[in-house]
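Let's take a friendly walk through one protein model. Have a look at its sequence and fold below, and then read on.

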Amino acid sequence: MVAAGDAGRSSDIAGKLGIEPGMVVQELGWDSDVDEAVRDAVEERCGDELLDEDAVDVIDVVLLWFREGDGDLVDALVDARGPLAENGVVWVLTPKTGRRGHLEPSEIAEAAPTAGLSQTSNISVSDDWAGARLVAPKSGKARR
C-alpha cells in the first residue's frame, strides 16, 4: 500500500529522468540492490520493458546502475554510448553518499569526457540513489 504522501512519487521519477512515452530505454548494471520503483516508473512512462545489455536497438535513454567496485566507469560509459541515439541520454545511477557502493561525483565528472560525454545535471532519483545526466557533446562546432 502506498501512503498518501507517496502517491504519484514514482511516476515523477520518470519525468525527472526525461522519459517520454515511446522512448527506448536500456538498463545496464542491474543487480538486486536497484530501486524497483524507479524501474517500474520508467517502464510505465515509456510503455515498454527496459532493454538489457544484449539489445540491438537505437537507445534513447540508458539507465546505468553503477557502484564502486563495478569495474571501470569509462569502459561502462563507452559501452552505454555505443547504441545511443544522436540526442540520447545516459543516466549514471549511483548509491547516495554514505551508502554501500557510493561513487564520488568527481569520479563521474572525470570519466564522462574520457568516454566522449558531458555531464549536464545531477538529481536525487530515490532515497538511496542519485543520478548524473550525461549527453554526447553537440557536434558542429569546429575545435581549433
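The second largest pocket holds about 160 Å³ of space. The model is predicted: local features need pLDDT of at least 70 and side-chain atom pairs count only at pLDDT 80 or more, while totals for chains, interfaces and linings use all residues. Residues are numbered from 1 along each chain as its sequence is written, and side-chain values use heavy atoms, with hydrogens and water left out.

A pocket here is an open set of points on a 1 Å grid over the protein atoms alone, where a 1.4 Å probe fits, with protein on both sides within 12 Å along at least five of seven lines; lining residues have an atom within 4 Å of a point. Its volume is the space filled by probe spheres set on the points.

Which residues lie nearest the centre of the second largest pocket? They are Thr94, Leu103, Pro105, Asn122 and Ala130, out of 16 lining residues. Strand S3 (84-95), helix H4 (105-114), strand S4 (118-124) and S5 each give two or more residues to this lining.

Strand S5 also takes part in the one aromatic pair of the structure. The ring centres of Trp65 and Trp129 are 4.7 Å apart and their planes stand at 85°, so the pair is edge-to-face (centres within 6.5 Å, planes over 60 degrees apart). Trp65 sits in strand S2 and Trp129 in strand S5, so the pair ties together parts 64 residues apart in sequence.

Terms used
Rings of Phe, Tyr and Trp (its six-membered ring) pair if their centres lie within 6.5 Å; planes under 30 degrees apart count as stacked, over 60 as edge-to-face and the rest as tilted. Helices (H or I, at least four residues) and strands (E, at least two) are DSSP runs, numbered from the N terminus.
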